[in-house]
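This report describes the fold of one protein chain.

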Amino acid sequence: MPTDAPEADFHPDVELASRLVAEQHPDLLAPLRRVANGWDNVMFRLGDELAVRMPRRELAVQLMLHEQRWLPGLAAGLPVPLPAPVRLGRPAPELGYDVPWSIVPWLPGSAAIGFETADRDAAAVALAEFVVAFGKAAPADAPVNPFRGVPLAARDASVRARLAAGRVAEPEAVARVWERSIAASVRTGPPVWLHGDLHPANLLLHADGALAAVVDFGDLTSGDPATDLATAWLTFGPDGRAVFRRRVDELAAPRDEVEGAAGVGGAAGVDDATWERARGWALVMATAMVDATDAQSPLGLLGARVLDDVVAEAE
């Protein structure tokens, strides 16, 4: 049965994290405890203000290097906090952990995936403002990610394989929505910065549902802004999605007209084709969640809810 965490290549624990901090950043040494075991990284809380983020999979090593290089600069001026590294951890082959790691701020809030969908609506305006602010034109040396920001047609084979695997409900109805999304026009503007994995497990909310922080930039890349706009379906139900879309459209056109930047929008805001591709990206991520996780796990339930929503919208 699939689970929410792939098999680990590395096995960082509290003892290893404590030794690394003690040897490389002794001035920050404080009590540690494991707080999260994600797909790619393990997180330990370090005292009250910091956290230690350590790759648990080989493929996460390059992603960690991307976070270390780019997040400190990208975090400046954004409307919500990001876990930009405050200290960099060196590989420590002598301790059996020959990969980079980071010390990051401990950010307040709880994972949005633990909230009811309707309760996340309070974050719609703030998340729209983050997406537009973050999605500015990216430099030529931005990280490359073959699974995010690319033309939707590049994901066609994987989506159709999931639909054929038998774990997705109403595969024919989902396929019809998918075909409409990949038929939308291809993005022609310059690539913009993308979080790349903007779903509720990577958002922190305050108790009242307000957005507290955006986390886990392991898929950081550049490309089609529709990738991050997919959070309209991934994070919200119909009411929150309408608020999110309206705020993105309000912000996108004025921002580009004033700054002359090729960001999320254009002279007329976000066009219908971009929103159609965004729906397609929601299907990419939701089918992956349903296909690769337990049906009753948080991600499995999220993926099923998103697929139900996009099918219902299309009827």
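Five strands form an open sheet in the order E1-E2-E3-E5-E4, and their pairing is antiparallel. Strands here are DSSP runs of E with at least two residues, helices are runs of H or I with at least four, and both are numbered from the N terminus. Two strands count as paired if DSSP finds at least two bridges between them. At the edges are strand E1 (32–37) and strand E4 (87–89), each of which pairs on one side only. On average, neighbouring strands of this sheet are turned by 25° against each other, direction ignored.

The model is predicted: local features need pLDDT of at least 70, side-chain atom pairs count only at pLDDT 80 or more, and totals for chains, interfaces and linings use all residues. Residues are numbered from 1 along each chain as its sequence is written, and side-chain values use heavy atoms, with hydrogens and water left out.

Helix H1 (residues 14–24) lies across E1, strand E2 (41–46), strand E3 (50–55), E4 and E5, and runs at about 120° to E1. Helix H2 (residues 60–75) also packs on the sheet, where it touches E2, E3, E4 and E5; its direction makes about 140° with that of E3. Contact means heavy atoms within 4.5 Å. Axes are lines fitted to C-alpha atoms, for helices over the stretch in contact, and angles run from 0 to 180 degrees between N-to-C directions.

A nonpolar core is a set of buried Ala, Val, Leu, Ile, Met, Phe, Trp, Tyr and Cys residues joined through side-chain atoms within 4.5 Å, where buried means under 20% relative accessible area (1.4 Å probe, protein chains only). The largest core has 65 residues, and those with the most contacts inside it include Val214, Leu229 and Trp275. Helix H9 (residues 272–292) gives the most to this core, with 10 residues. Apart from it lies another core of 20 residues, among them Leu20 and Trp101.

The predictor's confidence in each residue is its pLDDT, from 0 to 100. The chain averages 93, and 94% of the residues score at least 70. Over residues 255–261, pLDDT stays under 50.

Technical notes: Buried means under 20% relative accessible area, exposed over 50%, partly exposed in between (1.4 Å probe, protein chains only).
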